[in-house]
Amino acid sequence: MVMRHADRPLGPDRVYTATVDRCPDCDRPLPIYQVDGRRVQGLDEAFWLKRRDKRCQPDCPGARPIIYAPRDLRLVLPKRIYGLDVTLHVGERHLRDGVALAQITRDLN
């Protein structure tokens, strides 16, 4: 029986947090403002990718920009479900080995 990628067990979470710790205007510690998460399917495992952005408190006298967590393009491309390892695997098998995309899909499932 073929398991859907949503039914496969998840590996450990991968968490990326904004690197700035203090507000540039008031020098207070920056709290987590929002968390963006999504499921990513890799070749070996599925995992939950979380990005934690920071923003200063509402009473800050400065502009209060959102400081975003870094995007790691080694894991997954923006707005995609499959990890970069899956994308590269499919491309290499299709272009180098001449395997049909339908066959690669069956092999991955």
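## Reading cysteines and strands

Guide: Let's start with the cysteines: this predicted model holds zero disulfides.

Visitor: What is a disulfide, in general terms?

Guide: It's a covalent bond joining the sulfur atoms of two cysteines. In this structure, cysteine 23 takes part in no disulfide, and its nearest cysteine sulfur belongs to cysteine 56, 3.6 Å away. The cut-off for calling a disulfide is sulfur atoms within 2.5 Å, so a pair has to meet that to count.

Visitor: Is cysteine 23 buried or exposed?

Guide: Buried, with a relative accessible area of 5%. Cysteine 56 is buried as well, at 4%.

Visitor: On to the strands. How do strands of a sheet pair?

Guide: Through backbone hydrogen bonds, in either a parallel or an antiparallel sense. Here you'll find an open sheet of three strands, ordered S1-S3-S2, and the pairing is mixed.

Visitor: Which strands stand at the edges?

Guide: S1 (14-17) and S2 (32-41). Each has a single partner strand, so one side of each lacks a neighbour in the sheet. Going from one strand to the next, the twist averages 15°.

Visitor: In what sense do S1 and S3 pair, and over how many bridges?

Guide: They run parallel, with four bridges between S1 and S3, the strand at residues 46-54. To find your way around on screen, look for tyrosine 16: it stands opposite arginine 51 in S3.

Definitions and conventions:
Residues numbered from 1 in each chain as written. Predicted model: local features only at pLDDT ≥ 70, side-chain atom pairs only at ≥ 80, totals over all residues. Heavy atoms only, no water. Buried < 20%, exposed > 50% of the residue type's maximum accessible area, 1.4 Å probe, protein only. Pairing = 2+ DSSP bridges. Helix = DSSP H or I, 4+ residues; strand = E, 2+ residues; numbered from the N terminus. Axes fitted to C-alpha atoms, helices over the stretch in contact; angles between N-to-C directions.
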